[in-house]
Amino acid sequence: MREVSAFQPNHLPIFIASTCLLLLAPPVFAVTNYIVLGRILYYVPYLSPIHPGRVISTFLGLDAVIGAITGNGGARIADSEASEADIRAGKAMLRASIILQLVSFFLFVALEAFFHRRCIRQGLVCSKPTAEANERSKKLRRILNLMYISSGIISCRHVFRVVEVFQGTEGYLATHEWPLYIFDGAFMFANMLMLNIWHPMRYLPNDNKIYLSKDGATQRLGPGWVDKRPFILTLVDPFDVAGLFMKKDKDRFWDHETEHPIVGQETVGAGKGPSGDTAV
């Protein structure tokens, strides 16, 4: 799109699309991280600070709102017939949206770190796990490290965009191509390549009803995490803060793990990797 726009500099719709796609790219890559963290929380439900299914709905919902602000702001700036007030409003919207993107993603990383800390306290991701839990600990630690690296790459890209937007159209980053290829194209390509080489599903079960017992070694097939609240309420209050104050009893199925059948090792990473080989 950027290449087409370069050869048609007076074509307004192409320019608007090119600008908006550049700004909306990080949320698209971030969705992968949202999905993976949700699956990790399903796998270790007793340490999850949030309903696993609400990870993607909460952060994707925030990204959708931010994306709408970004698109509106980009359209105002690109419109040659817009008034000076509209252009100023568009620039303000772009700046606000790019900062909100960064804040939203940092909140996601904070959620990931909070869960990781709980895993360490539980002994699931420690440097010297028990012999039985060693293999599970390695897989969990590896996928969390992948998430941190991917989140770091996306965060660096977010920072680059913040600096570019605040420098304006006459700034160095906006008037030179090489930063775009390094901090945008190369970073996102590296992130995509990493997640395809070390595919997250190599380390997680294919069924999100399979969870890791508190002993860190045994996998069991449970009923799955069901939130009985109305869907709208789960969106407004994904952490169930109201339930904490009202002291409602939750369906803690993992406290009755002996009632759930043990699942073998072959169910983890049973999916095919990007090369077509069976992930083990």
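**Figure 1. Tyr181, an exposed residue of helix α7.** Tyr181 has a relative accessible area of 52% and therefore counts as exposed (exposed means over 50% relative accessible area, buried under 20%, and partly exposed in between, with a 1.4 Å probe and protein chains only). Tyr181 sits in helix α7 (helices are DSSP runs of H or I with at least four residues, strands are runs of E with at least two, and both are numbered from the N terminus). Please keep in mind that this is a predicted model, in which local features need pLDDT of at least 70, side-chain atom pairs count only at pLDDT 80 or more, and totals for chains, interfaces and linings use all residues. Residues are numbered from 1 along each chain as its sequence is written, and side-chain values use heavy atoms, with hydrogens and water left out.

Figure 2. Which helix gives the most to the nonpolar patch? That is helix α7 (residues 178-197), with 4 residues.

**Figure 3. A network of salt bridges around Arg161.** Arg157, Arg161, Glu164 and Asp184 are linked in this network (a salt bridge is a side-chain nitrogen of Lys or Arg within 4 Å of a carboxyl oxygen of Asp or Glu). Arg161 and Glu164 meet at 1.9 Å, N to O. These two residues are 3 apart in helix α5 (residues 134-167), so about one helical turn separates them. Arg161 also forms a salt bridge with Asp184, with 2.6 Å between the closest N and O atoms. Because Arg161 lies in helix α5 and Asp184 in helix α7, this pair ties together parts that are 23 residues apart in sequence. Are Arg161 and Asp184 buried or exposed? Both are buried. For Arg161 the relative accessible area is 3%, and Glu164, at 15% relative accessibility, counts as buried too.

Figure 4. The side chains of Arg76 and Asp86 meet at 3.4 Å, N to O. Arg76 belongs to helix α3 (residues 53-78) and Asp86 to helix α4, and the two residues are 10 apart. Arg76 counts as partly exposed, at 29% relative accessibility. Asp86 is likewise partly exposed, at 32%.

**Figure 5. Helix α4 and the glycine that follows.** Helix α4 covers residues 84-122, which makes 39 residues. Gly123 comes after α4, and its phi is positive, near 90 degrees.

**Figure 6. The whole chain, for orientation.** The chain has 9 helices and 3 strands, running α-α-α-α-α-α-α-β-β-α-α-β from the N terminus on. Of its 280 residues, 44% count as buried. The accessible surface of the chain comes to about 14,900 Å², and carbon and sulfur atoms account for 64% of that. The structure holds 6 salt bridges.

Terms used:
The expected span of a helix is 1.5 Å times one less than its number of residues. Accessible areas come from the Shrake-Rupley method with a 1.4 Å probe; for residues, only the protein chains shown count as cover.
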